[in-house]
Amino acid sequence: RVGALMRRGVALWAPGLAVAVLSLVWEPCGADSGGASLADRVIWAVNAGGDAHTDVYGIHYKKDPLEGRVGKASDYGMRLPILRSSPEDQVLYQTERYNEDTFGYEVPIREEGEYILVLKFAEVYFAQSQQKVFDVRLNGHVVVKDLDIFDKVGHSTAHDEVVPLSLRKGKLSVQGEVSTFNGKLTIEFVKGYYDNPKVCALYIMKGTLDDVPKLQPHPGLEKREEEEEEEEYGEGGEEGRKSTSSTPKHRVQSGPRTPNPYASDNSSLMFPILVAFGVFIPTLFCLCRL
């Protein structure tokens, strides 16, 4: 009877013990297997021209370190709603730092790997294109050329420029160019011919393009992109049709008609004279014989 009771007790608590042991083993394994969150992969983030802010993804943007040192901070955009951005994070596009000359930020990076630079912009002042146009350089490499924010997305609309880069064996690789890396990324906003360069916010994270959060869709932009794609396709199709079309029957002359080289020939006038001369000589010879 005692043995039966012991066997029954083991049968009752053995499953619970097994579950407890498995949970203890699984918990650390699960913690180790989980990837780092987006916020954990961001190594540096700044809210340009504004105060510190933590966005909906948990990314903490620190207050602009250039405050009082370089350029001017502006919160002109605070009076405007920013399209394509969540209400909680519109402040990242409503404040900005601009300068009347080239300016930038320096970011120390010690670890090698694949990184992404995300630059945030919104045009809150100008209402047409070709009013503010500038370049962005990364350690001397032009990674964004002739950026015209209004031309890209219009007024008071969020726009992100995403730049992947690689740091390996003391070399920086970005957009097919390679240079020596000394442990510091220098992000510059380059003064151009149209107004002053600026930036609203920016961050650097470890990862790939697929890891970067996308902005909210904008129907107007999607329609314009589709129209541009159709135009490009149409141009390509037109060229294809031109290249495959048969040669027209009536070709266009490439220049004035070549003059007839015989148009001014006077040989027809000389022919009667030669005939008369040929008849006169024998006749004269015969008369002389008589």
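A search of the whole structure finds eleven salt bridges, a salt bridge being a side-chain nitrogen of Lys or Arg within 4 Å of a carboxyl oxygen of Asp or Glu. Side chains of opposite charge can pair when their charged atoms come close. The model is predicted, so local features need pLDDT of at least 70 and side-chain atom pairs count only at pLDDT 80 or more, while totals for chains, interfaces and linings use all residues. Residues are numbered from 1 along each chain as its sequence is written, and side-chain values use heavy atoms, with hydrogens and water left out.

One of the salt bridges joins the side chains of Asp64 and Arg97, at 2.5 Å from N to O. Asp64 lies in the loop between strand 3 (60–63) and strand 4 (72–74), and Arg97 lies in strand 5 (residues 96–98), so the pair ties together parts that are 33 residues apart in sequence. Helices (H or I, at least four residues) and strands (E, at least two) are DSSP runs, numbered from the N terminus. Both Asp64 and Arg97 are buried. Buried means under 20% relative accessible area, exposed means over 50%, and partly exposed lies in between (1.4 Å probe, protein chains only).

Arg97 also meets Glu67 in a salt bridge, at 2.7 Å from N to O. Glu67 sits in the loop between strand 3 and strand 4 and Arg97 in strand 5, so this pair ties together parts that are 30 residues apart in sequence. Arg97 has a relative accessible area of 1%. Glu67 is partly exposed, at 45%.

Another salt bridge joins Asp160 and Lys120, at 3.1 Å from N to O. Asp160 lies in strand 10 (residues 159–168) and Lys120 in strand 7 (residues 113–121), so the pair ties together parts that are 40 residues apart in sequence. Asp160 is buried, with a relative accessible area of 17%. Lys120 is buried too, at 8%.

Strand 8 (residues 133–138) and strand 9 (residues 141–147) pair in the antiparallel sense over four bridges. Two strands pair if DSSP finds at least two bridges between them. The bridge partner of Leu138 is His141, in strand 9. The hairpin of strand 8 and strand 9 has two residues between the strands, and Asn139 takes a positive phi near 50° there.

Lys152 is placed in helix 4 (residues 149–153). Lys152 is partly exposed, with a relative accessible area of 42%. Lys152 and Ala122 are 30 residues apart in sequence and 10.0 Å apart in space, C-alpha to C-alpha.

Aromatic pairs were counted next. Rings of Phe, Tyr and Trp (its six-membered ring) pair if their centres lie within 6.5 Å; planes under 30 degrees apart count as stacked, over 60 as edge-to-face and the rest as tilted. The count comes to eight aromatic pairs. Among them, Tyr61 and Tyr203 are edge-to-face, with 6.1 Å centre to centre and 80° between the planes. This pair links distant parts of the chain: Tyr61 is in strand 3 and Tyr203 in strand 15 (residues 201–206), 142 residues apart. Both Tyr61 and Tyr203 are buried.

The rings of Tyr76 and Tyr125 have centres 5.7 Å apart and planes at 70°, so this pair is edge-to-face. Tyr76 is partly exposed, at 30% relative accessible area. Tyr125 counts as exposed, at 57%. Ring pairs also link Trp44, Phe103, Tyr105, Phe121, Phe134 and Phe189 into a cluster.
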